[in-house]
Amino acid sequence: MQQLAAQIDEAAAAVRASWSGTPKVGIILGTGLATFTDQIDQEAAISYEAIPHFPRSTAIGHSGRLVCGRVEGTPVVTMDGRFHLYEGYSLQQITLPVRVMKALGIELLIVSNASGGLNPYLAAGDIVVIEDNINLMGANPLVGVNDDSLGPRFPDMSEPYDRELIHRALEIARLEDFAATQGVYVALCGPNYETRAEYRFLRTIGGDVVGMSTVPEVIVAAHTGLRVLGLSVVTNVCSPDALTETDGHQVVAAAQGAEHKLRKIVKRILADMAAASNGRMEPAPRASAIAG
Ligand code: HPA
């Protein structure tokens, strides 16, 4: 297989051929959250098929294009459709777009997803601001020979989610008057939803929400020195003792119903960034961004 760095260069060149902007923020839209693209002052929309080495989206609720433009004045590149391990791709393929967005210039990655609520205080439609994660996918995107020019062999994961942005996201939810709490996201391979015994286990080990994505992208973001904000939309309640059936179409519909909350958080954070780049309150870079 071609070297990762060469794949990144080729994919980034294909994006640059269609869009001359320099994004500050990369956004990955999770299941049912695609309508966020309405908020983008679009300058380009590039099909994944036109980008070398990008996989194709096959999951329900996921389109397959990179939408480039501005939100609240901040230049963004947005993945309208993400990739999952259960689609049969390797985690290295799934996370290539994160590396490409980094090569294009992003400093912050905003990842979103639909999840099952393990914490009994969570209800469908709630937002969880991800404070930490547990990788139970049985795979890791950094397996293989490490390219030291991309990041360290053994990246630190003591704080993959940016503290300042977690607090700001929670504050925005309070200001906008909707429920949001911080929590731990557990990632499994899928594609089946979990059994009662699995939900019980996942809660016992410290999970607040469970899903089939996000962690690979966050590991690569840590590897490459990006700040990360993770936002999860609870689409179903996972009570092991009173479990009802979970259906993929219901998950998509529940995520769509809560997209307006996610939108409020993301837009205000992007407005903060635009204000900061106009000379006010520049947030500190991650320490690993300096090393990486
Ligand atoms: N489990 C795993 N992934 C999910 C769930 C769930 O209950 N809900 C939405 N994505």
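Mentor: Start with Phe 54, which counts as buried because its relative accessibility is 5% (buried means under 20% relative accessible area, exposed over 50%, partly exposed in between, with a 1.4 Å probe and protein chains only). Tyr 48 is buried too, at 1% relative accessible area.

A word on the basis. This is a predicted model, where local features need pLDDT of at least 70, side-chain atom pairs count only at pLDDT 80 or more, and totals for chains, interfaces and linings use all residues. Residues are numbered from 1 along each chain as its sequence is written, and side-chain values use heavy atoms, with hydrogens and water left out.

Now the rings. A pair of aromatic rings is described by the distance of the centres and the angle of the planes. The structure holds three aromatic pairs (ring centres of Phe, Tyr or Trp, the last by its six-membered ring, within 6.5 Å; planes under 30 degrees apart are stacked, over 60 edge-to-face, the rest tilted). One of them joins Tyr 48 and Phe 54. Their centres lie 5.4 Å apart, and 55° separates the planes, a tilted pair. Phe 83 and Tyr 89 pair as well: the centres are 5.9 Å apart and the planes stand at 75°, so this pair is edge-to-face. Both Phe 83 and Tyr 89 are buried.

Tyr 48, Phe 54, Phe 83 and Tyr 89 make up one aromatic cluster. Look for these four rings in the model, with the tilted pair Tyr 48 and Phe 54 and the edge-to-face pair Phe 83 and Tyr 89.
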